[in-house]
Amino acid sequence: MEPFAYTKAADTRAALAAGQRGGRYIAGGTTLVDLMRETVERPTEVVDIAGLPLRDITLTPGGGLRLGALALMADAADPRVRTTFPVISEALELSASAQLRNMATLGGNIMQRTRCTYFRDVTANCNKRSPGSGCAALQGINRSHAILGTSDQCVATHPSDVAVAFTALDATVRLLGPDGERTVAFGDFLLPPGTTPDREHALRPGELITAIDIPPHPRPLRSGYLKVRDRQSYEFALTSAAVALHIQGGVVRAAKIAAGGVGTVPWRLPAVEQRLIGKRPSGELWAQVAAVAADGARPLEHNAFKVELLKRTVERQLRIVGGTE
Ligand code: SF4
């Protein structure tokens with residue numbers, strides 16, 4: 001680990017000032033400290049924001065939810081989250097061990113960096129860590145890498161589970177910077193690699209995430225998260241599916257679906273959603289719409305299995321959430 005200065009932000013204003021001069025925000029530290037130990041990250045100043053008053057979880061008018069950026073992953077057990085959007089609770093509970101969930105924050109979770117092993121190996125070529133150096137994963141072991149949203153510069157998956165749920169639910173990220181507050185649609189917040197894989201999010205220098213807003217959705221809303229991984233204990237997704245369905249009068253009226261483990265960012269599945277609207281739930285329907293879940297996929301040498309696995313993951317989660325009434 002390289003030497004660095006440590007600052008504890010007394011309030012939001014002090015945090016923003018430190019962020020403006022290039023300080024890196026830290027809360028739970030469950031990702032950043034690991035990366036600093038491995039010298040993948042070398043901040044000269046770390047700004048501890050864990051004491052800022054950004055942990056509240058509140059119901060918003062009309063049936064939405066505001067999750068403070070410093071709410072812990074463990075706060076997913078909050079009954080207001082579990083009853084309104086179980087897909088969020090399930091995604092968080094499947095993400096990490098209890099110890100990690102009691103340290104890691106929601107803001108940190110969506111900002112976590114890829115688990116690509118070459119990114120974490122400072123001796124490997126990696127455009128994300130060192131722009132222009134190449135991508136060792138393209139010709140290397142790429143079993144866990146992305147099949148959607150890739151570029152010839154980077155094929156790393158985004159590792160967050162709850163980000164998949166936020167994508168499906170049309171969440172908004174609330175940001176605070178020196179020029180005041182602004183909001184960014186979650187679908188625009190995390191950036192696909194393109195030609196600049198080192199640019200991973202829409203944050204401006206020094207901006208602070210203050211909350212994630214989930215808008216109201218038509219009720220009743222059934223939702224849930226399914227994660228497929230190599231082992232049942234805590235592991236990153238090979239594939240996952242966040243599904244939210246509004247079914248009324250025996251017909252699907254609204255469908256919100258996103259996939260994880262397969263994209264360079266959480267991957268929304270509009271083609272699947274559109275094919276569900278106005279249809280009666282049935283096993284046949286779930287299989288039929290899931291067949292297009294991997295359209296546009298570009299598998300690598302070792303991860304072609306994800307194409308079929310993604311379709312089956314989406315079909316299975318539609319069956320779990322939607323039933324076959
Ligand atoms: Fe780096 Fe992305 Fe290539 Fe992994 S996939 S080595 S993160 S450029």
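Student: How many bridges join strand E10 to strand E11?

Tutor: A word first: this is a predicted model, where local features need pLDDT of at least 70, side-chain atom pairs count only at pLDDT 80 or more, and totals for chains, interfaces and linings use all residues. Residues are numbered from 1 along each chain as its sequence is written, and side-chain values use heavy atoms, with hydrogens and water left out. Strands (E, at least two residues) and helices (H or I, at least four) are DSSP runs numbered from the N terminus, and two strands pair if DSSP finds at least two bridges between them. E10 (residues 239-248) and E11 (residues 251-260) run antiparallel, and the bridges joining them number nine.

Student: Which residue takes a positive phi in the hairpin of E10 and E11?

Tutor: Start from Gln248, which stands opposite Val251 in E11. The hairpin has two residues between the strands, and the one with a positive phi, near 65°, is Gly249.

Student: And which residue takes a positive phi in the hairpin of E11 and E12?

Tutor: E11 and E12 also run antiparallel, joined by two bridges, and Ala259 stands opposite Trp267 in E12. This hairpin has six residues between the strands, and a positive phi near 80° belongs to Gly261.

Student: Which strands stand at the edges of the sheet?

Tutor: The sheet is open, with four antiparallel strands in the order E9-E10-E11-E12. Two of them each have a single partner strand, so one side of each lacks a neighbour in the sheet: these are E9 (222-228) and E12 (267-268).

Student: How many of the residues of E11 are buried?

Tutor: Buried means under 20% relative accessible area, exposed means over 50%, and partly exposed is in between, using a 1.4 Å probe and protein chains only. Helix H12 (residues 305-322) lies across E9, E10 and E11. E11 is mostly covered, and of its ten residues the buried ones number eight.

Definitions and conventions. Contact means heavy atoms within 4.5 Å. Axes are lines fitted to C-alpha atoms, for helices over the stretch in contact, and angles run from 0 to 180 degrees between N-to-C directions.
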